[in-house]
Amino acid sequence: MEFVWLLISKMKKLSYLLIFFLSSCSLQEMQENSLPVVDRQEVKTEIIAELTPLGIREPGGLLKSGPECIISDRMNTNNIYCVDLQARQSEGLFPRVRTRSGKATLLNSLASDGRGGWTALNFVTGELKRGGIAKTRAEESAQVMLPEGQKHLWAVQAGEYILSTGLYTEGRYMLYSPTEKQTRYFIEYPEHPEYSDLKEYTKSILFASNVLKVRPDGGAFICADMYSGVMDVCRIDEGEITLVKRLVYHYPHVKIREKKEWPSVVYSRDNRFGFTDVCVTENKIYALYSGQTYRMDSKNFQHCRTLIEIGWDGNVCSTYPVDTDLTQIAYDEQEKVLYGIGWCPKAALVRLNVLGE
């Protein structure tokens, strides 16, 4: 598949997983959608470290544990950087090696593995890379291959399983057991109210861009859509996925034509960007919501100033305005504090004044 970057020169901060379906997307005038309503006082942020001096150019994912951060970088010589905040030093991991075809190694979906380490997906090859918060070279080389014959876009560790989303026709979520080599699919895709009879493959493209995070015990997860206001809160129990609640602020504003080879999904310039990132604790989910459109800000419409706090029952607890633009969020289990990547105006690690519990 050729990667066609329709508007990527103006949208560089978007997740690389958008590549797979932007090749068939364009923009069109459509109507406006609804927004989450804030009901709490503004969240103040504090700059902890500027990222440019640490060699990080385009942060795309964030994990934090005490004095150490793991940050993925979309536009650098390495895919992931380990940052020592005390020493103010960074070390690059997983170099962006180019192949003979000219493609480079690209990792996304940086997430905690629930065991003190982290994972990231090479969505070109289907390799799930593993690392440690207190990393070693041996841990860096560990990997799991996802099943062949599918296009996987986002993958995370969920207890003994690998949970992923992708261009699947069998169900929205794949649950893979590396030990048993067994794969199962669960949960239907959201139904678009203006397109009631879409093929499953078309739905997989429409909702391909999402953020997936798993509760530390591996028993539940959140999937938040980037190009709409749709979120799924799900439970994992004995190898089965059940939908706890589907939250819908708004559906994507699109025009869809189903062709034989590749569906055409046409996004509106007034389509509101949804959730840029989410993070989780044992008790809560925290989602960064944009609500901006390409027409409002063609360069930074994925930047967020709304923080939504949700329980694992799927009920919204609170919705906060934030005092700066955020694109990533993480929960530090050691400090019990939320952190984020803020744009002040350059990328910086910031601390949020909302308790993580």
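The model is predicted, so local features need pLDDT of at least 70 and side-chain atom pairs count only at pLDDT 80 or more, while totals for chains, interfaces and linings use all residues. Residues are numbered from 1 along each chain as its sequence is written, and side-chain values use heavy atoms, with hydrogens and water left out.

A disulfide is a covalent bond between the sulfur atoms of two cysteines. With the cut-off set at a pair of cysteine sulfur atoms within 2.5 Å, the whole structure contains zero disulfides. C279 is buried at a relative accessible area of 5%, and C344 is partly exposed at 29%. Here buried means under 20% relative accessible area, exposed over 50%, and partly exposed in between (1.4 Å probe, protein chains only).

Side chains of opposite charge can pair when their charged atoms come close. There are 17 salt bridges in the structure, each a side-chain nitrogen of Lys or Arg within 4 Å of a carboxyl oxygen of Asp or Glu.

One of them joins D332 and K64, with the closest N and O atoms 2.8 Å apart. D332 belongs to strand β24 (residues 316-332) and K64 to strand β3 (residues 59-65), 268 residues apart; strands are DSSP runs of E, at least two residues, numbered from the N terminus. Both D332 and K64 are buried. A network of salt bridges links K64, D332 and E335.

Another salt bridge pairs D277 with K213 at 3.4 Å. D277 is in strand β21 (residues 275-280) and K213 in strand β15 (residues 210-214), so this pair ties together parts 64 residues apart in sequence. D277 and K213 are both buried.

Methods: Helix = DSSP H or I, 4+ residues; strand = E, 2+ residues; numbered from the N terminus.
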